[in-house]
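Morning, everyone. I have one structure to show, and I will keep it short.

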Amino acid sequence: MNLLDASVSLVNLLTDGHARGRPYTAPRGPDLPAAIGAALPTRATVTDREAARFVGTALEMRKVFDAAHAGDFDTAAAVVNALLLSTGARPQLDKAPGEPWQVHFHGPDDTVSVGWSAGCAASLALAIGSDLGGRLGVCQAAECDRVYVDGSRNGVRHFCSPACRSRTKAAAFRERQRP
């Protein structure tokens, strides 16, 4: 999972709204740290304090996806810059045993929440600063506001999932069949 995918996962997990036609409430309370830990590719142990940081980061990243989806890249860039500053994101080459060197983004401390927040902020900065900025989206299905990164070849994705795409197509078909 790359950092953009992690950003999508965290925003979709930690922000209230609608998902696949139903109201969605993000996990809270004692379930929150475990839910975040399970959403990360490294299956990290997350403390209550770190969970609060993840929620704050997800709420800010949500603003980035909303702004980019609306074509407001000035706002998206301003939010990303604030995230980079708040996390103290700095690139560093790290190597795990048996793995090649990889670029990671760290903050002033190496807690799980600061490291992931810094990495997600950096990935969004790289997306906004490249042709990927236009591929940050918000699902266009009715009653769904989950975010996605359009990785399709021709950049025509409009939905967060195949379920939302199918639901929208079925609704359009039913509408066309009405007398």
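Start with the contacts of Gly88. Set aside the neighbours within four places in sequence, and Gly88 is in contact with His106, Gly107 and Pro108. Keep in mind throughout that this is a predicted model.

Where does Gly88 sit? Gly88 is in the loop between α4, residues 73-87, and β3, residues 90-94. Gly88 and Ala118 are 30 residues apart in sequence, yet their C-alpha atoms are 6.9 Å apart in space.

Now to the helices. Take α2, residues 32-39. Which of its residues are buried? They are Leu32, Pro33, Ile36 and Gly37. These four cover an arc of only 130° around the axis, which puts them on the same side of α2. An α-helix has 3.6 residues a turn, so residues three or four places apart point the same way.

What covers that buried side? The cover over the buried residues of α2 includes α1, residues 3-14, and α3, residues 48-69.

Look at α2 against α3. The two pack at an angle of about 65°, and their axes are 9 Å apart. That angle makes α2 roughly perpendicular to α3, because the class runs from 65 to 115 degrees. The crossing of α2 past α3 is left-handed. Who meets whom? From α2 come Leu32, Pro33 and Ile36; from α3 come Asp48, Ala51, Phe54 and Val55. By class, this contact of α2 with α3 has six nonpolar residues, no polar ones and one charged.

Next, α1 against α3. Here the angle is about 105°, with the axes 8 Å apart. So α1, too, is roughly perpendicular to α3. On the α1 side, the residues are Ser7, Val8, Leu10, Val11 and Leu14. On the α3 side, they meet Phe54, Val55, Ala58, Met61, Arg62 and Phe65. By class, the contact of α1 with α3 has nine nonpolar residues, one polar and one charged.

Over to you for discussion.

Technical notes:
Residues are numbered from 1 along each chain as its sequence is written. This is a predicted model: local features need pLDDT of at least 70, side-chain atom pairs count only at pLDDT 80 or more; totals for chains, interfaces and linings use all residues. Side-chain values use heavy atoms; hydrogens and water are left out. Buried means under 20% relative accessible area, exposed over 50%, partly exposed in between (1.4 Å probe, protein chains only). The arc is that of the directions from the helix axis to the C-beta atoms. Contact means heavy atoms within 4.5 Å. Axes are lines fitted to C-alpha atoms, for helices over the stretch in contact, and angles run from 0 to 180 degrees between N-to-C directions. Angles under 35 degrees count as roughly parallel, over 145 as roughly antiparallel, 65 to 115 as roughly perpendicular and the rest as oblique. A crossing is left-handed if the near helix is turned anticlockwise from the far one by less than a right angle, and right-handed if clockwise. Ala, Val, Leu, Ile, Met, Phe, Trp, Tyr, Cys and Pro count as nonpolar, Asp, Glu, Lys and Arg as charged, and the others, Gly among them, as polar.
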